[in-house]
Amino acid sequence: MRKQANALFLLSMGILALLASCTVYSPKAFKPDPSEKIRTIAILTMKDPPAYQVNFAKKVKRQVIIGGVNVSAIKGIREDINKKTTFNKFNDQLRAQHFSIAESMTYQMTKQLTASGYTVITTYVERRGGLLSEYTNIRSAGADAFLDVAPLQVGYTEQVSGWVPFVGVKVRLVSTKSKTVLYDDKIVFFHRQENQSLWPNAKYRFNDSSLMLNNMPLAVEGFNSGSQAIAGYLVSLLRQ
């Protein structure tokens, strides 16, 4: 079990770098087909990421040798152990809270789309992770569009101001009739976003990782606020 947790730790640390290296991705602004009226949206079942991330700030490492002992190397090993321990505790406590970003995102998308006048249904799909590659074999069940959402980057990251939540998703809206992609983009809930509606509230910021681990209900609330903000941002695009 611990080996699996360590593997997930290494995986979570590499997800941001992997996505940042993707140069093929081309976002598509929302441009609905005038001939297709979107009244009913089928939200495709989402999948949680393999693990929730705990990203420590990178520090400049300087080699310090005292009495022939590489003190900096020993310190580095201790820091790595602390990072893995924090990661494991963070994910263990999220499981204890029964938290699922997929459920949180589905709830907020359904709630806000319904409040905006759309009829919303949920359609079950099998997925390995990420957005689906094709939609031809999915039953529309009377929906006008499929809403495909893939939560890929979810966790807390260490900044100068403290530990802050981030939620990154890929979103795609596809016509059920023509299978045309109507919208395709990444939406990120983080304090550096240009759109301030996607900034986390300061109350979800923790001064250090121990405070975060000791107040997981508030950390979960921070994630849920991310789902709410992302759903609200998407709905605002559909209204345009």
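Tutor: A residue is called buried when its relative accessible area is under 20%. The model discussed here is predicted.

Student: Taking strand β6, how many of its residues are buried?

Tutor: Strand β6 covers residues 145–159 and is mostly covered, with 13 of its 15 residues buried.

Student: Which strand is joined to β6 by 14 bridges?

Tutor: That is strand β7, residues 162–175, and the two strands run antiparallel. Within this pairing, Phe-166 of β7 lies opposite Gly-155.

Student: In which sense does β1 pair with β6?

Tutor: Strand β1, residues 40–44, pairs with β6 in the parallel sense, over three bridges. Here Ala-42 has Phe-146 of β6 as its bridge partner.

Student: What about β2 and β6, parallel or antiparallel?

Tutor: Strand β2, residues 53–55, pairs with β6 in the parallel sense, and three bridges link them. Val-54 is placed opposite Tyr-156 of β6.

Student: Changing topic, where is Thr-86 found?

Tutor: Thr-86 belongs to helix α2, which spans residues 71–96.

Student: Why does Thr-86 count as buried?

Tutor: Thr-86 counts as buried because its relative accessibility is 3%, and the cut-off for buried is under 20%.

Student: Which residues is Thr-86 in contact with, leaving aside neighbours within four places in sequence?

Tutor: With those neighbours left aside, Thr-86 contacts Val-54, Phe-56, Ser-209 and Leu-213. One of these, Val-54, is the residue that stands opposite Tyr-156 in β6.

Key:
Residues are numbered from 1 along each chain as its sequence is written. This is a predicted model: local features need pLDDT of at least 70, side-chain atom pairs count only at pLDDT 80 or more; totals for chains, interfaces and linings use all residues. Side-chain values use heavy atoms; hydrogens and water are left out. Buried means under 20% relative accessible area, exposed over 50%, partly exposed in between (1.4 Å probe, protein chains only). Helices (H or I, at least four residues) and strands (E, at least two) are DSSP runs, numbered from the N terminus. Two strands pair if DSSP finds at least two bridges between them. Contact means heavy atoms within 4.5 Å.
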